[in-house]
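Visitor: I would like to learn how to read the features of a protein model. Could you take me through them one at a time?

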Amino acid sequence: MTTWRTRIEPFTRPLFFIWSRLSRGMTLGVRAIATDDEGRILLVKHTYLNGWWLPGGGVDRSETTHAAVVRELREEAGLIATGSPRLQSIHSNERFFPGDHVAVFHIDSFDTGDRTSHGEIAEIGWFAPDDLPPDTTKATRARIAEFMGYAPPSPDW
């Protein structure tokens, strides 16, 4: 599904990168590998990007990575973490944005609630690790393969 956000994102992202670079020297993001009792992994589709992604986003000023991943999971998917997120890996995202890093956490203890972000997420789905949708992003596939033990963690996103 192509939305107006998907069409303008290639033009607005460079402006966001410039603003981010001017306002901070390094950026830090988080992604969540949320697993349910059946071993399925939660993925989200944004309204402004193509493909399926692990839920996540940027770490706000004065926020820990743990708090950020819990917040993002609640905002994007309505999952309320009831256990502590476990750090899986940290990656450099230099290919897309110099100075960007992404921390990946595993969360398997949560309650369900309402999403607190509106208009950002188009679709939410739970998928078996060996049966991901065809349009799952390359980085998402790589993080899931690392999590499942199919590949060693890469330092790069």
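Guide: What follows goes through the sheet, the cores and the aromatic rings of this structure.
Guide: This is a predicted model, in which local features need pLDDT of at least 70 and side-chain atom pairs count only at pLDDT 80 or more, while totals for chains, interfaces and linings use all residues. Residues are numbered from 1 along each chain as its sequence is written, and side-chain values use heavy atoms, with hydrogens and water left out.

Visitor: How is a sheet read, and what is the strand order in the open sheet of 3 strands?

Guide: Helices (H or I, at least four residues) and strands (E, at least two) are DSSP runs, numbered from the N terminus. Two strands pair if DSSP finds at least two bridges between them. Here the open sheet has the order E3-E2-E9, and its pairing is antiparallel. Strands E3 (52-53) and E9 (121-127) are the edges, each pairing on one side only. Strand E2 (residues 41-46) is joined to E3 by 2 bridges, and Lys 45 stands opposite Trp 52 of E3.

Visitor: Which helix packs on the sheet, touching E2 and E9?

Guide: Helix H2 (residues 65-77) does, and its direction makes about 65 degrees with that of E2. Contact means heavy atoms within 4.5 Å. The angles run from 0 to 180 degrees between N-to-C directions, with axes fitted to C-alpha atoms, for helices over the stretch in contact. Helix H3 (residues 138-148) lies across E2 and E3, at about 170 degrees to E2.

Visitor: Is Glu 72 buried or exposed?

Guide: Buried means under 20% relative accessible area, exposed over 50%, and partly exposed in between (1.4 Å probe, protein chains only). Glu 72, in helix H2, has 7% relative accessibility and so counts as buried. Leaving aside neighbours within four places in sequence, Glu 72 is in contact with Val 30, Gly 56, Gly 57, Gly 58 and Ala 77.

Visitor: How many residues of strand E1 are buried, and which strands are joined to E1?

Guide: In E1 (residues 27-34), 7 of the 8 residues are buried. Strand E7 (residues 100-107) runs parallel to E1, with 8 bridges between them; Gly 29 has Val 102 as its bridge partner in E7. Strand E4 (residues 56-58) runs antiparallel to E1 and is joined to E1 by 3 bridges, with Val 30 opposite Gly 57.

Visitor: What is a nonpolar core, and which residues touch the most other members of the largest one?

Guide: A nonpolar core is a set of buried Ala, Val, Leu, Ile, Met, Phe, Trp, Tyr and Cys residues joined through side-chain atoms within 4.5 Å. The largest has 13 residues, of which Val 30, Ala 34, Leu 42, Val 69, Leu 73, Leu 79 and Phe 105 touch the most other members. E1, H2 and E7 each give two or more residues to this core, and H2 gives the most, with 4.

Visitor: How are aromatic pairs read, and how many are counted?

Guide: A pair of aromatic rings is described by the distance of the centres and the angle of the planes. Rings of Phe, Tyr and Trp (its six-membered ring) pair if their centres lie within 6.5 Å; planes under 30 degrees apart count as stacked, over 60 as edge-to-face and the rest as tilted. The count is 2 aromatic pairs. Trp 52 and Phe 127 have ring centres 5.0 Å apart and planes at 70 degrees, so this pair is edge-to-face. Phe 110 and Trp 126 have ring centres 5.8 Å apart and planes at 20 degrees, so that pair is stacked.
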